[in-house]
Amino acid sequence: MGLDDAISQARRQQELQDESKRQEETQQQRDQEKLGRLLAEAAQRLLPHRSETFHRMRLSPTGTFVGQDRRRYQQVSGHWCWVIKEMTKNPTPWNHPVMLLVLEGTTPHAVRAELNLRSGKAGQYVSSLPLTPVGPGDYSNRGFTALFFGEWIGELEKDLAAAIVRYERGT
């Protein structure tokens with residue numbers, strides 16, 4: 001094989017990689033659009049059931065909230081929220097990961113929240129840790145993410161449907 005053949009083969013491989021990357025970006029864009037529509041619809045259906053709130057906290061020497069570590073915290077923001085699902089079967093009051101639908105203004109977000117502070121009030125979720133957007137890693141199966149199979153948004157949709165029914169029934 002001569003240099004010209006090797007160059008042609010390298011070009012074909014690069015074109016295949018470029019095409020694969022374009023397809024992946026297009027799929028991710030479609031997923032984000034579908035996710036936005038899905039979350040907006042879920043938020044509309046859940047709005048009549050606004051009984052829960054999520055509070056972001058930060059360390060503050062003058063804060064009125066005292067955490068397990070005896071340090072003081074101050075509320076940074078508060079939003080309506082709904083629990084999509086519990087992320088662990090054995091939560092503790094100081095380590096309670098949940099998937100939430102959080103409404104910031106009119107924009108809904110599906111997030112993973114590590115609830116590391118106790119609020120002491122039912123229907124109040126409190127954390128000083130950063131929120132993580134829900135993504136394919138939250139729906140993994142045997143080491144392969146659902147993104148690989150293009151199904152994670154469908155799994156999120158099932159969880160949202162179950163949450164909507166749970167809130168409608170008041171359970």
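The legends below accompany close-up views of a predicted model.

**View 1. Overall arrangement of helices and strands in the predicted protein.** The secondary structure comes to three helices and nine strands, and along the sequence these elements follow the pattern α-β-β-β-β-β-β-β-β-β-α-α. Of the 171 residues in the protein, 31% are buried. Among contacts between residues at least 6 apart in sequence, 47% join residues that are at least 24 apart.

**View 2. The contact of helix α1 with helix α3.** Helix α1, which spans residues 3–46, and helix α3, which spans residues 152–169, have axes that come within 10 Å and cross at roughly 0°. Because angles under 35 degrees count as roughly parallel, α1 is described as roughly parallel to α3. On the α1 side the contact is made by Asp31, Lys34, Leu35, Leu38, Leu39, Ala42, Arg45 and Leu46, and on the α3 side by Trp152, Ile153, Leu156, Glu157, Leu160, Ala163, Ile164 and Tyr167. Sorted by class, this contact of α1 with α3 holds 12 nonpolar and four charged residues, with no polar residues.

**View 3. The largest nonpolar core and the surroundings of Leu100.** In soluble globular proteins, nonpolar side chains tend to be buried together. The largest nonpolar core of this model has 30 residues, of which Leu100, Leu101 and Leu156 touch the most other members. Two or more residues are given to this core by each of the elements α1, β3 (72–86), β4 (96–104), β5 (107–115) and α3. Leaving aside residues up to four places away in sequence, Leu100 touches Phe54, Cys81, Trp82, Val83, Ile84, His109, Ala110, Val111 and Ala113.

View 4. His79 is found in strand β3 and, because its relative accessibility is 17%, under the 20% limit for a buried residue, His79 counts as buried. The side chains of His79 and Ser77 are joined by a polar contact of 3.3 Å. When residues up to four places away in sequence are not counted, His79 touches Glu52, Thr53 and Phe54, and also Val102, Leu103 and Glu104. Phe54, one of the residues touched by His79, is also among those touched by Leu100.

Conventions
Residues numbered from 1 in each chain as written. Predicted model: local features only at pLDDT ≥ 70, side-chain atom pairs only at ≥ 80, totals over all residues. Heavy atoms only, no water. Axes fitted to C-alpha atoms, helices over the stretch in contact; angles between N-to-C directions. Helix = DSSP H or I, 4+ residues; strand = E, 2+ residues; numbered from the N terminus. Parallel < 35°, antiparallel > 145°, perpendicular 65-115°, else oblique. Contact = heavy atoms within 4.5 Å. Nonpolar A, V, L, I, M, F, W, Y, C, P; charged D, E, K, R; others polar. Core = buried A, V, L, I, M, F, W, Y, C linked by side-chain atoms within 4.5 Å. Buried < 20%, exposed > 50% of the residue type's maximum accessible area, 1.4 Å probe, protein only. Polar contact = N/O pair within 3.5 Å; in protein donor to acceptor, adjacent residues only side chain to side chain.
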